[in-house]
Amino acid sequence: VQRTGVCGIAAYMGWSGKTVTNNENEGNITLRAGYPLKYGACGSALRYSTNVAGLFGQMYNCGADQCVNSGTVTSIIADIDNESSYFGTDIRQSCGGIVASSWGELSNCENSGEINVVWTVSLPQEGVARTGNTKQFIAQVGGIAGGDYHSAKKSTNAEGKEVITSLQNTTNITNCVNSGNINYTCDANASNNSLGGIAGWPHKENAAGKSITGCENTGTITVDGYSKTRIGGISGGCITLSNNINRGKLHLKGGQTSCTIGGVSGVASGAQNIIGCQNYGEIVADVKTTTGVGGVVGNTYNQGNLTVKGCTVNCDITVAAGTTKTAMLIGYVDSNKIVNGAPVATINYLGTAEEPNVISGKSLTIGTDQVTITADNYAAYAYPWGTDEPVNTNVNYNVIWK
């Protein structure tokens with residue numbers, strides 16, 4: 001598939017600078033394809049890949065307000081390691097309840113349609129063992145938006161040469177709700193896929209800019225296959241997150257040990273703070289992971305004084321035996337910011353005196369070792385459990401029980 005969009009309203013929306021309002025889709029949307037090819041131009045869009053969504057494929061410099069999808073969205077690409085398939089970190093296959101590939105404001109939108117993604121080496125067959133693949137794409141999948149990775153503009157440099165600039169910081173998502181379950185089976189494991197209850201890859205890593213604010217996910221997210229995926233109740237990838245709530249269960253049934261899971265965000269990086277978010281969704285990992293499972297964030301990295309404050313966790317976390325870097329707040333905190341290719345220690349604030357993070361209970365289980373979280377022990381499990389690494393001295397924790 002190349003430059004393919006299957007959507008309820010429009011596969012390409014190029015209404016530059018405008019906002020589409022009050023669009024609704026109730027019909028089921030389905031793509032069935034073999035293997036992906038490189039992106040190409042479509043209208044003004046410079047990087048149009050494979051887009052499947054309830055309403056819109058790629059939105060080029062335009063937004064959506066008060067748009068609704070209730071139809072089931074299905075994307076099946078079942079030969080992703082074909083010798084003719086294309087792999088490149090500059091391409092994302094995209095799927096979303098409202099929009100697959102965004103560039104513009106998304107506000108007051110709602111998705112209740114189930115999202116089914118099957119991006120595999122071959123179609124799963126009962127009783128037939130499957131293996132990982134060698135050639136694959138990168139995924140961005142979200143209950144509202146897949147992500148804004150393909151936002152890019154063309155300009156002329158000082159030498160008069162035409163250049164394309166990748167943006168990836170174009171989309172605020174505000175007051176949106178996803179209640180549709182997301183079922184994701186993916187074999188792509190060569191790079192970081194992103195999957196979120198609201199958005200998958202919502203923003204460029206380690207850069208300030210846009211945010212997801214006042215959104216809620218209640219849909220269950222189920223992950224299977226052999227992928228390397230960042231999984232979050234609100235966001236898979238990095239973005240500033242404010243006052244969002246996740247109530248949906250996150251279940252990693254199959255995947256690489258490098259998968260990360262966060263009740264709010266799969267990963268976070270320095271310029272993208274997380275403020276006033278809540279997670280009540282159960283987290284279950286049947287696969288042993290080594291890169292981070294947390295009630296708020298799975299893994300943080302390339303830090304520049306990241307602040308996670310005023311967040312609330314009240315969920316059960318259950319992970320496979322041998323899993324490391326598991327915590328009620330953040331599974332793993334890397335306080336080394338990369339400057340000129342070398343790590344420089346920075347301070348990360350996980351709660352402040354004015355806005356501490358709150359742990360309210362439930363349990364944490366690694367294999368058969370289970371701990372009920374109480375007012376007497378909660379502080380110990382704010383830190384990563386199941387690892388021999390010492391507590392990071394470059395992290396200031398301010399956590400209370402409530």
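Buried means under 20% relative accessible area, exposed means over 50%, and partly exposed lies in between (1.4 Å probe, protein chains only). By that rule I239 is buried, at 2% relative accessibility. This is a predicted model, in which local features need pLDDT of at least 70 and side-chain atom pairs count only at pLDDT 80 or more, while totals for chains, interfaces and linings use all residues. Residues are numbered from 1 along each chain as its sequence is written, and side-chain values use heavy atoms, with hydrogens and water left out.

**Sheet and strand pairing**

- Strands (E, at least two residues) and helices (H or I, at least four) are DSSP runs, numbered from the N terminus.
- Two strands pair if DSSP finds at least two bridges between them.
- An open sheet is formed by 10 strands, in the order β3-β10-β15-β22-β27-β31-β36-β41-β48-β52, with parallel pairing.
- Its edge strands are β3 (19-21) and β52 (395-397), each of which pairs on one side only.
- Strand β22 (residues 173-174) runs parallel to strand β27 (residues 211-213), joined by 2 bridges. T174 has T213 in β27 as its bridge partner.
- Strands of a sheet pair through backbone hydrogen bonds, either parallel or antiparallel.

**Strand β40 and its partners**

- Strand β40 (residues 297-301) has 5 of its 5 residues buried, so it is largely enclosed by the rest of the structure.
- Strand β35 (residues 265-269) pairs with β40 in the parallel sense, over 4 bridges. S265 stands opposite V297 in β40.
- Strand β45 (residues 330-333) also runs parallel to β40, through 3 bridges. Here T300 stands opposite V333 in β45.

**Nonpolar core**

- A nonpolar core is a set of buried Ala, Val, Leu, Ile, Met, Phe, Trp, Tyr and Cys residues joined through side-chain atoms within 4.5 Å.
- The largest such core has 82 residues, and F56 and I274 touch the most other members.
- Contact means heavy atoms within 4.5 Å. Leaving aside neighbours within four places in sequence, F56 is in contact with residues including C7, I9, M13, V20, C67, I98 and V99.

**Aromatic pairs and charges over rings**

- Rings of Phe, Tyr and Trp (its six-membered ring) pair if their centres lie within 6.5 Å; planes under 30 degrees apart count as stacked, over 60 as edge-to-face and the rest as tilted.
- The count by this rule is 4 aromatic pairs.
- Y60 and W103 make an edge-to-face pair, 4.7 Å centre to centre with 65° between the planes. Y60 lies in the loop between β9 (56-59) and β10 (63-65), and W103 in the loop between β14 (99-101) and β15 (106-107), so the pair ties together parts 43 residues apart in sequence. Both residues, Y60 and W103, are buried.
- Y149 and W201 have ring centres 5.5 Å apart and planes at 75°, so this pair is edge-to-face. Y149 sits in the loop between β19 (145-147) and β20 (152-156) and W201 in strand β26 (residues 199-201), so the pair ties together parts 52 residues apart in sequence. Y149 and W201 are buried.
- A charge sits over a ring if NZ of Lys or CZ of Arg is within 6 Å of the ring centre and within 35 degrees of the ring normal. R92 lies over the face of Y149, at 3.7 Å from the ring centre. K38 lies over the face of Y39, at 5.7 Å.

**I239 in its loop**

- I239 lies in the loop between β30 (229-232) and β31 (240-242).
- Beyond neighbours within four places in sequence, its contacts include T171, P202, H203, I212 and N273.
- The C-alpha atoms of I239 and S84 are separated by 34 Å, with the two residues 155 apart along the chain.
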